[in-house]
Amino acid sequence: MRTAASGMLAQQMQVDSLANNIANSNTAGFKRDHVAFKSLLYRTYRDPGALTGQNYATPTGLQIGSGVEIGSSIKQHQQGDMDPTGNELDMAINGPGFFQVSLGNGEFRYTRDGSFRRDATGSIVTVDGFYLEPRVQIPEGVTGLTIGADGTVSGITPGGDAARFDEILLYVVPNPAGMKASGANFFQTTASSGQAVQRTAGADGAGFIRQGALERSNVLVVEELIELIQAQRNYEVNSRTIKVGDEMLQQVSQLIN
């Protein structure tokens with residue numbers, strides 16, 4: 001019964017993870033979670049290869065498992081589809097890079113959500129007001145703002161001249177799956193992910209920047225629904241196992257009485 005209960009708890013966590021994926025299916029730059037299971041300890045009644053007599057050994061042994069638990073949740077960083085928006089400060093990354101964002105307290109976060117805005121000083125910021133780092137500032141009165149695939153920021157000055165103002169840099173993380181999700185579409189590096197390395201867009205494998213578009217979530221709702229149905233069925237089977245165990249104990253109790 002406890003073994004089946006561990007299966008129910010594990011499937012509940014699986015459903016929670018799937019629900020989060022589905023809830024964020026329209027979140028820009030979101031990366032789906034995949035839950036990995038692992039078996040609990042085994043009770044060994046007879047070791048494989050144990051002697052059963054002179055010059056004889058059991059070929060398989062006898063072990064009974066004690067259930068399952070969630071081993072880890074893995075962020076899958078596959079590329080999402082590009083969604084054209086037409087907004088001049090919306091940016092999507094075609095490749096493995098991240099934008100770096102300053103939290104204002106000396107800490108940095110990394111994101112694939114490229115919905116940026118311009119603040120009162122002309123600096124490029126997130127929708128929550130955090131600065132894109134290295135900081136990029138656009139002079140007042142600039143029109144025809146263009147962000148190239150290599151991150152070059154240019155436009156037309158109030159005097160009618162074409163000018164290059166700044167450059168948007170990308171960051172590459174050695175092991176993106178080891179990054180910690182911190183909410184608000186942000187990730188932070190860890191000892192497992194390695195430190196983020198600054199790269200020029202379009203070079204060194206960082207990926208290209210596409211202006212006027214956002215990267216969609218890489219969640220495929222149909223696949224999530226299929227996994228949700230499977231999790232529900234597994235939960236029901238584990239529940240049935242507990243019911244059968246209870247009926248067996250009831251029959252034993254009646255025999256004793």
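Ser115 is buried, since its relative accessible area is 13% and buried means under 20% (exposed is over 50%, partly exposed in between, with a 1.4 Å probe and protein chains only). This is a predicted model, in which local features need pLDDT of at least 70 and side-chain atom pairs count only at pLDDT 80 or more, while totals for chains, interfaces and linings use all residues. Residues are numbered from 1 along each chain as its sequence is written, and side-chain values use heavy atoms, with hydrogens and water left out.

Ser115 sits in the loop that joins strand S10 (108-111) to strand S11 (116-118), strands being DSSP runs of E of at least two residues and helices runs of H or I of at least four, numbered from the N terminus. Beyond its neighbours within four places in sequence, Ser115 is in contact (heavy atoms within 4.5 Å) with Asp90, Thr126, Val127 and Leu214.

Helix H1 (residues 2-23) has 22 residues and should span 32 Å at 1.5 Å a residue, which agrees with the 31 Å between its end C-alpha atoms; the expected span is 1.5 Å times one less than the number of residues. Among the buried residues of H1 are Met8, Gln11 and Leu18, and the cover over its buried residues includes strand S1 (33-39), strand S6 (68-75) and helix H2 (221-256).

The largest nonpolar core has 19 residues, and Phe99, Ile124, Ile168 and Ile209 have the most contacts inside it; such a core is a set of buried Ala, Val, Leu, Ile, Met, Phe, Trp, Tyr and Cys residues joined through side-chain atoms within 4.5 Å. Strand S8 (91-94) and strand S14 (143-147) are the elements that give two or more residues to this core.
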